[in-house]
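Hi,

Here is the structure I promised to pass on. My notes follow below it.

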Amino acid sequence: MKTLKIAIQKSGRLNEKSVELLKNCGLNFENYKSSLISPVSNFPLEILFLRDDDIPEYVQDGIADLGIVGENVIQETEVEVSYLQRLGFGKCSLKIAVPNNNDIQNLSDLNGKAIATTYPVILGKFLQQQGIQSDIRTISGSVEISPGLGLSDAICDLVSTGGTLKSNGLKPFADVMSSEAVLIGCKTIEDNHLVQELIQRIQSVLRAKETKYVVLNVHRDNLDAVTALLPGVKSPSVVSLAEPDWVAVHTVIPERDFWDRISQLKQAGAQGIVVMPIEKIIL
Ligand code: PRT
Ligand code: ZN
């Protein structure tokens, strides 16, 4: 059986979450900071640790079969790869930002202005779509200081908390793209059964992360009202208790509307609500 290769970031913002995800998929490997390649002992897979900028091309060229990288890097390198799975971490947006005390009000005010960025390809396409002609200044880092130094009128950079913009006297002005880490594959790999197995494992981990396991007690008189609020994977499990008028209900609740759902359950008569994390959900 051919051993697959997956490229992940060696160090940086995506490294820890990428390693954690693969480990949660049950893959055993060493995460040596010094090594470039690490074999997985219980799956025909090798992990390549690379700079994130190199990952899309390695995958496109088939040097790695799979990769985990930010969508922003994929779009900027304009590679031909398949998007296999969004991974829900490394979320950020690429934004145009302008100095706080600035007369730029509308996108058209960017005509003729200089915008500094490390994402000239994505920014160029965005401005073209908007019919704006700016002077794109490609720089390799510390984009946020360039207006203060008089090198540009605006910047286009990744933003997550917005703290970097704020501390450099800049404000977000326009959204260019939103991004998160994604699993990509080379064009020929999608149907490979090992890739399918890995995608299923990743999906079961992601599903579990979005969901909580909940056990609660309820008087039989209130059982219908409580179960009406609960989806479960199929439907909630109802278990008898030693106290004949009471039952325990076991179910799963989506993380996103968790607190709303819990307060509705309490109002409907649920008591002793116990909430637990879930490791995996296999459908
Ligand atoms: O060494 P290597 O080349 O592998 O890494 P790198 O230094 O190029 O990338 P790295 O580790 O900084 O980021 C990897 C990926 O994380 C990016 O390609 C994005 O997909 C994602 N990501 C998520 C971010 C951010 N959030 C982010 N906030 N990448 C960079 N930033 C930077 C941004 O450029 C700016 O300088 O953080 C600053 C803004 O952050 P806030 O929180 O102040 O808004
Ligand atoms: Zn990089």
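Is Ser-146 buried or exposed? Ser-146 is buried, at 3% relative accessible area (buried means under 20%, exposed over 50%, partly exposed in between, with a 1.4 Å probe and protein chains only). Before the rest, a caveat: this is a predicted model, where local features need pLDDT of at least 70, side-chain atom pairs count only at pLDDT 80 or more, and totals for chains, interfaces and linings use all residues. Residues are numbered from 1 along each chain as its sequence is written, chains are lettered from A and ligands numbered from 1 in the order in which they are written, and side-chain values use heavy atoms, without hydrogens and water.

Ser-146 is in the loop between strand 8 and strand 9 (strands are DSSP runs of E, at least two residues; helices are H or I, at least four; both numbered from the N terminus). Leaving aside neighbours within four places in sequence, Ser-146 contacts Ala-116, Ile-139, Leu-151, Ser-152 and Ile-155 (heavy atoms within 4.5 Å). Leu-149 is found in that loop too, but counts as exposed at 58% relative accessibility.

On to salt bridges (a side-chain nitrogen of Lys or Arg within 4 Å of a carboxyl oxygen of Asp or Glu): the count is 13. Asp-65 pairs with Lys-2, closest N and O atoms 3.0 Å apart. Asp-65 lies in the loop between helix 2 and strand 4 and Lys-2 in the segment before strand 1, so this pair ties together parts 63 residues apart in sequence. Asp-65 is buried at 6%, while Lys-2 is exposed at 53%. Glu-71, Arg-86 and Glu-180 form a salt-bridge network.

Cheers
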